[in-house]
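Subject: Structure handover and notes

Hello,

Please find the structure below, followed by my notes on it. Please read the notes with the model open.

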Amino acid sequence: MPETTITVTFAGCGDAFGSGGKFQACIHLRQASLAAPVLLDCGATSLTALRRCGLDPGEIGAVFVSHLHGDHFGGLPFLILDGQFSRRATPLVVAGPPGTGHRLTTAMECMFPGSSQVQRRFEVSVMELEPGRTAEVAGITTDAFQASHPSGAPALVLRLTVGGTVIAYTGDTAWTPAIGEASRQADLLIAEAYYWDKPVPHHLRYVDLLDHERDITARRVVLTHMSADMLARQQQAVHETARDGLVIVV
Ligand SMILES: [Zn+2]
Ligand SMILES: [Zn+2]
């Protein structure tokens, strides 16, 4: 297998509400050139989702957070505390939209009072990604684009370049041209498909992806974050659909 290939494990591919019995967003990326695997989003159910797949939460080097909703970042307090109790020593980077540092501290204090101030053996550092900017995070070139999804802070569409392989991720968002930009010629676009065609504000429907077919130049598209309505119709989709535990190599 070439050095540049990325193994993508959809540990969690569900929506916020457990539709279809699926775990919340938690996508695990591993590549030979990276010092440690990373996550795209870390929903509240992520520790269970990772362990189901036989993946060690303690080896995650960085978490890329698309936006600050609980089904996308609510697993971070558990991930950090798990590292503390399992005597983790390697650093963890949390890279998310502006406001991530404050919201993470607030979430930790809400769920486990005092937990944000504890001295740990490992460093947790927060990098805030400005929409329209490029940053280097844990060996990954990260382009952040502005999504259309109110969450108390800007929401991001992400484009990660890992040793020449490009993965784009919509997070949750209404259709925006940023999706086309972020996924231009990407090896993989992981796209929300919340409903097939029911109008829901601030989210992507499958018909939005079909309507903008010409804007999507990614070589492969995998659908995630599906509601019960979308799950019932997923066989009709022309794109691949994720399921918890799905592993693909790009
Ligand atoms: Zn969501
Ligand atoms: Zn959301």
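Is Asp-41 buried or exposed? Asp-41 is buried, with a relative accessible area of 0%; buried means under 20% relative accessible area, exposed over 50%, and partly exposed in between (1.4 Å probe, protein chains only).

Two remarks on the basis of these notes. This is a predicted model, in which local features need pLDDT of at least 70 and side-chain atom pairs count only at pLDDT 80 or more, while totals for chains, interfaces and linings use all residues. Residues are numbered from 1 along each chain as its sequence is written, chains are lettered from A and ligands numbered from 1 in the order in which they are written, and side-chain values use heavy atoms, with hydrogens and water left out.

Asp-41

Asp-41 sits in the loop between strand 3 (38-40) and helix 1 (46-52). Helices (H or I, at least four residues) and strands (E, at least two) are DSSP runs, numbered from the N terminus. Asp-41 is not a glycine, yet has a positive phi of about 65°. Although buried, Asp-41 has no salt bridge, and the nearest side chain of opposite charge, Arg-103, is 12 Å away. For charge, Lys and Arg count as positive and Asp and Glu as negative; His and the chain ends are not counted. A salt bridge is a side-chain nitrogen of Lys or Arg within 4 Å of a carboxyl oxygen of Asp or Glu.

What the side chain of Asp-41 does have is a polar contact with the side chain of Tyr-169, at 2.6 Å. A polar contact is a pair of N or O atoms within 3.5 Å; within protein, one must be able to donate a hydrogen and the other to accept it, and residues adjacent in sequence count only if both atoms are side-chain atoms. Leaving aside neighbours within four places in sequence, the residues in contact with Asp-41 (heavy atoms within 4.5 Å) include Cys-26, Phe-64, His-67, His-72 and Tyr-169.

Tyr-169 belongs to strand 10 (residues 165-169), which pairs with strand 11 in the parallel sense over 3 bridges. Two strands pair if DSSP finds at least two bridges between them. Ala-168 has Leu-189 of strand 11 as its bridge partner. On to strand 12 (residues 221-224), strand 11 pairs in the parallel sense over 4 bridges, with Ile-190 opposite Val-222.

Strand 11 (residues 188-192) is mostly covered, with 5 of its 5 residues buried. Leu-188, Ile-190 and Glu-192 point one way, and Leu-189 and Ala-191 the other way. In a regular strand the side chains alternate between the two faces of the sheet.

Strands 7, 8 and 9

Strand 7 (residues 134-137) and strand 8 pair in the antiparallel sense over 4 bridges. They form a hairpin with 2 residues between them, and Ala-138 in the turn has a positive phi of about 50°. Strand 8 also runs antiparallel to strand 9 (residues 156-162), joined by 6 bridges. Of the 7 residues in strand 8 (residues 140-146), 5 are buried.

Trp-196 lies in the loop between strand 11 and helix 6 and is buried at 10% relative accessible area. Among the residues that Trp-196 touches are Arg-205, Asp-229 and Arg-233.

How many salt bridges does the count come to? The count comes to 6. One of them joins Arg-233 to Asp-197, the closest N and O atoms being 3.9 Å apart. This pair links distant parts of the chain, 36 residues apart: Arg-233 is in helix 7, and Asp-197 in the loop between strand 11 and helix 6. Arg-233 is partly exposed at 26%, and Asp-197 is partly exposed at 39%.

Arg-205 and Asp-208 meet in a salt bridge at 3.0 Å, N to O; Arg-205 counts as buried at 18%, and Asp-208 is buried at 10%. Arg-220 and Glu-240 meet in a salt bridge at 2.6 Å, N to O.

Regards
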